[in-house]
Amino acid sequence: MEASTRELAQISATAAATVVPSNKARECRKKNSPSIRYPFWFGGSASSMAACVTHPLDLGTSNAKESTHLLQMRKGDAPKNMSSTFVHIVRNDGVRALYCGISASLLRQITYSTVRFGIYEELKARYTARIGRDRNPSFPALVALAMGSGFIGGIAGNFADVLNVRMQHDAALPPAERRNYKNAVDGLVRMVREEGPKSCFRGWLPNSSRAAVMTAGQLATYDIFKRILMDYTPMRDNLTTHFTASFLAGLAAATATSPIDVIKTRVMSSTQQHGILRIVGDIYKTDGIRWMFKGWVPSFLRLGPHTICTFVFLEMHRKAYRRVKGTDEKML
């Protein structure tokens, strides 16, 4: 009788040992993860580095099937797919044209991404401190924080986004129609002088709305996917986890922002003062309901790599900072 009782106890202990590790691992991760306030500029720095890697995808590469901006603004005899866009740009303007508008792209990341990442991390830290460090913020809470941060970031970087869209689209226009901004500063000066200060806020509402949805699709979902992967799989806080979580975040962001991206690009590239409702109506008459996801594939092919690079670089920033501070986390 005693032997059978001991056997049952051993079986129960073995079964418990197979069930508890995941919960125990999560608790240990929380204990081994000190609250660290990272510098405000980390997000902008990581995004700028990512832009240097992925900028040509905004214009056209042979790996992506179609250029996002050209697809959304295609007219006349403009290239109708990514390969022809790539050939058209390289043949007429050289390989350097693939980095046309890089200064505006970097200016956009320095303003827009620095603000949205910085505000999001600060709000998340304060919210976590309020609910208790032994609890994780819920997904709806992270989405709300991210959307607010993204909206403010969209306003802060709107002028740079206008320049970015114009300078990237310039290479695909006929020579007579090109603006030929020398760089972002020259473009900003000319835009204000020729069109007035209000031109810096052209399309600010759809741009900020897109930034809000984008930030929720990237930052909030990245945090959630990373948490799920580390809590419910054997994955640790390493490059594989960062890559997987950022890939899923890019997929979510591309889907969520596709309709707004189409509208934003049309508004910013236009030189006429048309309302958003009229622009949507014109697009709907031309393309039907499909306009909402027009260019989704190239959008993801552009946004996916940028999201992955951004978070990989961001995690590198964080890891280096922890090492300097002597608080490098040892995740299970």
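A salt bridge is a side-chain nitrogen of Lys or Arg within 4 Å of a carboxyl oxygen of Asp or Glu. In this predicted model, E121, K124, D223, K226, D237, E315 and R318 are linked in a network of such salt bridges. The structure holds 13 salt bridges, and several of them are described below.

## Overall architecture

The chain contains 13 helices and zero strands. Read from the N terminus, its elements run α-α-α-α-α-α-α-α-α-α-α-α-α. The chain has 332 residues, of which 48% count as buried. Among the contacts in the chain with a separation of 6 or more, 79% are accounted for by residues 24 or more positions apart.

## Helices α8 and α9

Two packed helices are described by the angle between their axes and the distance between the axes. The axes of α8 and α9 come within 10 Å and cross at roughly 100 degrees. An angle of 65 to 115 degrees counts as roughly perpendicular, and α8 and α9 are therefore roughly perpendicular to each other. On the side of α8, the contact is made by F159, V162, L163, R166 and M167. On the side of α9, the residues involved are A184, G187, L188, M191 and E195.

The loop between α8 and α9 contains N180. The phi angle of N180 is near 55 degrees, a positive value in a residue other than glycine. N180 counts as partly exposed, because its relative accessibility is 48%.

R166 has its place in helix α8, which spans residues 158-170. Is R166 buried or exposed? R166 is buried, with a relative accessible area of 2%; the cut-off for this class is under 20%. The side chains of R166 and E195 are joined by a polar contact of 2.8 Å, and they also meet in a salt bridge with an N to O distance of 2.8 Å. This pair links distant parts of the chain, with R166 in helix α8 and E195 in helix α9 (residues 184-195), 29 residues apart.

In contrast to the buried R166, E195 counts as partly exposed at 31% relative accessibility. E195 forms a further salt bridge with R202, in which the closest N and O atoms are 3.2 Å apart. R202 is buried, with a relative accessible area of 10%.

Which residue forms a salt bridge with R108? The partner of R108 is D161, and the closest N and O atoms of the two are 2.7 Å apart. R108 lies in helix α6 (residues 102-131) and D161 in helix α8, so the pair ties together parts that are 53 residues apart in sequence. R108 is buried, with a relative accessible area of 12%, and D161 is buried as well, at 2%.

| Salt bridge | N to O distance |
|---|---|
| R108 and D161 | 2.7 Å |
| R166 and E195 | 2.8 Å |
| E195 and R202 | 3.2 Å |

## Aromatic pairs

A pair of aromatic rings is described by the distance of the centres and the angle of the planes. How many aromatic pairs are there in the structure? The count comes to nine aromatic pairs. One of them is formed by W41 and F42, whose ring centres are 4.8 Å apart and whose planes stand at 80 degrees, so the pair is edge-to-face. The class follows because planes over 60 degrees apart count as edge-to-face. F42 is buried, with a relative accessible area of 6%.

A second example is the pair of F247 and F300, with ring centres 5.8 Å apart and planes at 80 degrees, so this pair is edge-to-face. The pair links distant parts of the chain: F247 belongs to helix α11 (residues 239-269) and F300 to helix α13 (residues 296-325), 53 residues apart. F247 is partly exposed, with a relative accessible area of 36%, whereas F300 counts as buried at 14% relative accessibility.

Definitions and conventions. Residues numbered from 1 in each chain as written. Predicted model: local features only at pLDDT ≥ 70, side-chain atom pairs only at ≥ 80, totals over all residues. Heavy atoms only, no water. Helix = DSSP H or I, 4+ residues; strand = E, 2+ residues; numbered from the N terminus. Buried < 20%, exposed > 50% of the residue type's maximum accessible area, 1.4 Å probe, protein only. Polar contact = N/O pair within 3.5 Å; in protein donor to acceptor, adjacent residues only side chain to side chain. Phe/Tyr/Trp six-rings, centres within 6.5 Å; stacked < 30°, edge-to-face > 60°. Axes fitted to C-alpha atoms, helices over the stretch in contact; angles between N-to-C directions. Parallel < 35°, antiparallel > 145°, perpendicular 65-115°, else oblique. Contact = heavy atoms within 4.5 Å.
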